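Let us walk through this model one piece at a time. Keep the sequence beside you as you read.

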Amino acid sequence: MYPLLLTIRSLIAIPVLLLLLWVVLLHPRRQHPGLESLRKYRYAHRGYHEKPQIPENSMAAFRRAAERGFGVELDVHLTRDGRLAVIHDSSLLRTCGEDIPVEDLTAEELARFRLEGTDERIPFLEEVLPLFEDVAPLIVELKPVRKNHDALAKTTTDCLDRFHAEYCVESFDPRCIAWLKKNRPDVIRGQLAENFFRSSAKLSFPLRVAATHLLFNFGTHPDFVAYRYQDRKILANQITCRLWGTQSVSWTIRSQEEMEIAEQEGAVAIFEQFDPGSAQRA
């Protein structure tokens with residue numbers, strides 16, 4: 001009888017202990033003082049674009065956001081000669097019609113491409129930042145390719161240091177967040193995530209598990225978690241943001257109703273495809 005009871009207790013205790021360990025591993029860094037200012041704003045996804053006239057991640061989209069007082073979310077890739085191209089995809093196929101990686105081009109070579117059939121070219125981060133000095137903050141997403149995560153993180157923070165714009169830095173790649181934790185602890189850092197079992201991302205099964213359930217938080221201790229709006233109910237995100245009080249960011253919000261829900265839940269909203277009215281939260 002007693003051996004059976006011990007076996008049952010063990011079967012119950014082990015999952016409970018593993019759950020408690022997981023909860024502890026999700027612990028973020030304590031509140032960064034800079035979050036207070038960042039959470040006041042709404043952020044235009046890849047700039048305040050309006051296709052087909054105003055492409056995503058274009059100077060026109062960024063100027064339009066700055067003129068209305070919105071913050072922006074933007075993406076950076078490292079060119080072959082070490083410049084920071086503001087573009088979402090590594091390949092230029094979707095945005096410029098040619099399947100060439102940004103990382104294989106110099107800044108001069110990149111300048112000949114035009115975005116989505118317009119006259120807009122791919123901007124560089126140092127061109128965007130002056131638009132937002134003393135206007136609104138930026139959410140800068142690091143897009144590492146071919147293990148250039150350290151170089152990308154360093155080049156980006158070095159560039160950001162040259163301007164007087166408020167910002168935070170995020171990435172899907174926890175190696176970028178780990179670099180920030182070690183080398184630039186002053187920078188507000190965020191872990192991007194989604195349900196990778198529904199995603200087209202080419203990840204192994206263990207990486208899908210770890211990335212979906214925020215297991216890398218143990219080593220990176222992010223200041224915020226930017227989870228896909230449709231996947232935000234994932235238990236890991238709920239524990240991190242509700243139990244530990246981590247700032248949540250929701251992407252990508254595409255309606256006023258979604259924005260109201262996200263902000264009622266305490267999230268910072270990254271929006272596109274509609275006009276949210278005010279650039280700052282009520």
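**A walk through helices and strands**

This is a predicted model. Start at helix H11, residues 235–243. Its buried residues are Ala 236, Asn 237, Ile 239, Thr 240 and Cys 241. An α-helix has 3.6 residues a turn, so residues three or four places apart point the same way. After H11 comes Gly 245. The phi of Gly 245 is positive, near 75°.

Now turn to strand E6, residues 189–193. Five of its five residues are buried, so E6 is largely enclosed by the rest of the structure. In a regular strand the side chains alternate between the two faces of the sheet. Look for that pattern here. Arg 189, Gln 191 and Ala 193 point one way from E6, while Gly 190 and Leu 192 point the other way. Residues on both sides are buried.

Next, see how two helices meet. Two packed helices are described by the angle between their axes and the distance between the axes. Helix H7 spans residues 149–161, and helix H8 spans residues 174–183. They pack at an angle of about 50°, with axes 9 Å apart. That angle makes H7 oblique to H8. The crossing of H7 past H8 is right-handed. On the H7 side, His 149, Asp 150, Ala 153, Lys 154 and Thr 157 make the contact. H8 contributes Arg 175, Cys 176, Trp 179 and Leu 180. By class, this contact holds four nonpolar, two polar and three charged residues.

Notes
Residues are numbered from 1 along each chain as its sequence is written. This is a predicted model: local features need pLDDT of at least 70, side-chain atom pairs count only at pLDDT 80 or more; totals for chains, interfaces and linings use all residues. Side-chain values use heavy atoms; hydrogens and water are left out. Axes are lines fitted to C-alpha atoms, for helices over the stretch in contact, and angles run from 0 to 180 degrees between N-to-C directions. Helices (H or I, at least four residues) and strands (E, at least two) are DSSP runs, numbered from the N terminus. Angles under 35 degrees count as roughly parallel, over 145 as roughly antiparallel, 65 to 115 as roughly perpendicular and the rest as oblique. A crossing is left-handed if the near helix is turned anticlockwise from the far one by less than a right angle, and right-handed if clockwise. Contact means heavy atoms within 4.5 Å. Ala, Val, Leu, Ile, Met, Phe, Trp, Tyr, Cys and Pro count as nonpolar, Asp, Glu, Lys and Arg as charged, and the others, Gly among them, as polar. Buried means under 20% relative accessible area, exposed over 50%, partly exposed in between (1.4 Å probe, protein chains only).
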